[in-house]
Amino acid sequence: MKKLILAISAWLPAMWAGAAPYAIQHVEPMNWWVGMKWSDLQVMVHGEKIAELEPALTYPGVRIASVERTDNPNFLFVNLKIGATTKPGEFKLQFKCGRQVVTTYPYRLEERRQGSAQRRGFDAGDAVYLIVPDRFSNGDPSNDDAGMRERSDRRDPNKRHGGDLAGMRAHLDYIHDLGFTMVWPTPLLENNQPSYSYHGYALTDYYKVDPRFGSNEDYRNYVAAANARGLGVIHDVVLNHIGTGHWWMQDMPASDWINHGKTFVQTNNQHTVAQDIHAAPEDKARFVDGWFDVAMPDVNQKNKLVARYLIQNTLWWIEYANLSGIREDTYSYADPDFLNDWNRAVFAEYPHLNVVGEEMDDRPYMVAYWQKGVVNRDGYRSGLPSVMDFPLVDAAPKALTAPEDSGRGLIQIYETIAADYLYADPLKLMVFPDNHDRPRALAQVDGNVDLLKTDLILMATTRGIPQMFYGTEMLIQGPKERTDGVLRADMPGGWAGDSVNAFTGTGLSDGQRDMQHLVRTLFNWRKTSSAVKAGKLTHYIPRDGHYVYFRHDGRQTVMVVLNKNPQATQLDLGRFAGMVKDARQGRNVLTGENVDLRAPLALPAMTSVVLEW
């Protein structure tokens, strides 16, 4: 009888294996690193009926702490404990049915780069160049479609145009020469959607670069090439939602993995409920749990497995690609407690990194709520160090185009910056004239190039971390109303046969050359200015079409005059004696000319100036 029982026990796993092949379809993350503080690693394994199996491994310093299952038998979550002295190497993650090993996965633990944990993030000493990869440069036309669902068509502003990592890499010198120190590409991960997939915010695979951009290895090589030129790379992360084409939607890891399952329930988009002390719980839940769009299902971060998956994914990309920072999309739409857990994990691993979050609202108090160090009425304490200054980006073009009268004009910029007391650290605000979610800066100032120059001077010299959208230096305009596919226009010269080429200078108008020169002069100078990078800001109430402010740190003083007068004017500097002090001469940053600070400042019409001493 004992022999019969043993024979049956040996035969049953083989029978089960024949009925269910247990083919592994996904293992995420597919590798990890030794020496990480995140040493309690959760590996998600996906395959038909994989939850019927028991995982096992043999490797010094690594053990299986526990195994978690959901209501979907095709998923298994293996919790590994990686010891502090574990060596890099590879082991077989085995999956057993009874005593029989049914399938295995070769799991690798990599060695970290030297100094990885101490990497420096971006701060107010940096300047960020934002690009939409599909619209920047097509370096490899052979991958324009790459077997994906949506085909490329450059004639249609809402379709793929073919920009890729090869094109981005080819023009790193151009970005560096303009004076920028960081590159922020909108998301590069797979968006295998049937339409409108070029923007990158409807992820269909969290661990895979979209093949129309290139491969994971291409991305890592791009970052290395950028780093070799003194450029860091900021990774655009989407924690709130995925695309309907994500493979999860075909085989959900758990019934509560996505909010509202597969049923579209749209968010109310009412940002105020996140901090409204009187808000109805149902309204709060609808804002956080509702879908961002019919094509963008909302991920349920209250599910601890989901939360852990997203945290590990962010850490994986930072370590894998050697990133210099994170920009987090639709920040306020995600679960607030999860966001703090995510921030804690990122900064525990990388204490000197930076993360900037998007709260797209023009009210300073709405944005300030999410910055670390702000004491909120409802008790919420955010862990996010940097926020995007949408209040200033929206106020600036209105101020520059409005008449100078009571409550309008340059006073609108002054009042917006005067609200900095709401923020824990204004130097950590990301400031910008426009981005991929706003009409082009030139359109916002009604095509007035002089006002665009003033807007750029403001963003490069006020407090915070300046960011410029690709093509602003090429006077890309587009319509004044937001039209995404149009404002995210192709960069001239990024495609073979373009008659105008930003990168070589071929076919540029005098105006385009002049704007490139201003950007190049302004942002390369900014690298040298201690006062602008880290100094205090003192500003004066605007008068007579002039808004004057100073950046100062005890070593250097920078005086900025934003001037929107349509005729030449003389600015009496006596009013600013408290800041000018005993300085006799300054240097005009944009022209190189010396300026007598004891005489009225001559200002040509519609010309703003930056002086240093």
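**A colleague's notes on a predicted model**

1. Asn269 is in the loop between E11 and H5, and it has a positive phi of about 55 degrees although it is not a glycine. Helices (H or I, at least four residues) and strands (E, at least two) are DSSP runs, numbered from the N terminus.

2. A word on what you are looking at. This is a predicted model, in which local features need pLDDT of at least 70 and side-chain atom pairs count only at pLDDT 80 or more, while totals for chains, interfaces and linings use all residues. Residues are numbered from 1 along each chain as its sequence is written, and side-chain values use heavy atoms, with hydrogens and water left out.

3. Lys49, in the loop between strand E3 (40-47) and strand E4 (54-56), is not a glycine but has a positive phi of about 55 degrees; Lys49 is partly exposed at 33% relative accessibility. The peptide bond from Glu28 to Pro29 is cis, with omega near -5 degrees, and Pro29 sits in the loop between strand E1 (24-28) and strand E2 (31-33). For background, most residues other than glycine have a negative phi, and most peptide bonds are trans.

4. Now to the interior. A nonpolar core is a set of buried Ala, Val, Leu, Ile, Met, Phe, Trp, Tyr and Cys residues joined through side-chain atoms within 4.5 Å. The largest one here has 176 residues, and those with the most contacts inside it are Trp32, Tyr129, Tyr219, Tyr222, Trp257, Trp342 and Ile413. Helix H6 (residues 304-321) gives the largest share of this core, 12 residues. Apart from it lies another core, of 17 residues, among them Val561, Phe576, Val580 and Val595.

5. Axes are lines fitted to C-alpha atoms, for helices over the stretch in contact, and angles run from 0 to 180 degrees between N-to-C directions.

6. From H4, Asn216, Glu217, Tyr219, Arg220 and Val223 meet Trp316, Trp317, Tyr320 and Ala321 of H6.

7. What surrounds Gln312? This residue lies in H6 and is buried, with a relative accessible area of 2%. Leaving aside neighbours within four places in sequence, Gln312 is in contact with Pro29, Trp32, Trp38, Asp40, Leu41, Gln42 and Tyr207.

8. Helix H10 (residues 411-418) has Ile411, Ile413, Tyr414, Thr416 and Ile417 as its buried residues. Their cover includes helix H9 (390-401), helix H12 (449-461) and strands E17 (536-539), E18 (546-552) and E19 (557-563). The axes of H9 and H10 come within 8 Å and cross at roughly 165 degrees, which makes H9 roughly antiparallel to H10.

9. Finally, compare two loop residues. His161, in the loop between strand E9 (128-131) and helix H2 (165-170), is buried at 8% relative accessibility. Outside four places in sequence, His161 contacts Asp134, Arg135, Asn138, Asp153, Arg154, Asp156, Asp490 and Trp495. Asp256, in the loop between strand E11 (232-237) and helix H5 (281-289), is partly exposed at 39%. With residues up to four places away not counted, Asp256 touches Asn300 and Asn303.

Definitions and conventions. Buried means under 20% relative accessible area, exposed over 50%, partly exposed in between (1.4 Å probe, protein chains only). Contact means heavy atoms within 4.5 Å. Angles under 35 degrees count as roughly parallel, over 145 as roughly antiparallel, 65 to 115 as roughly perpendicular and the rest as oblique.
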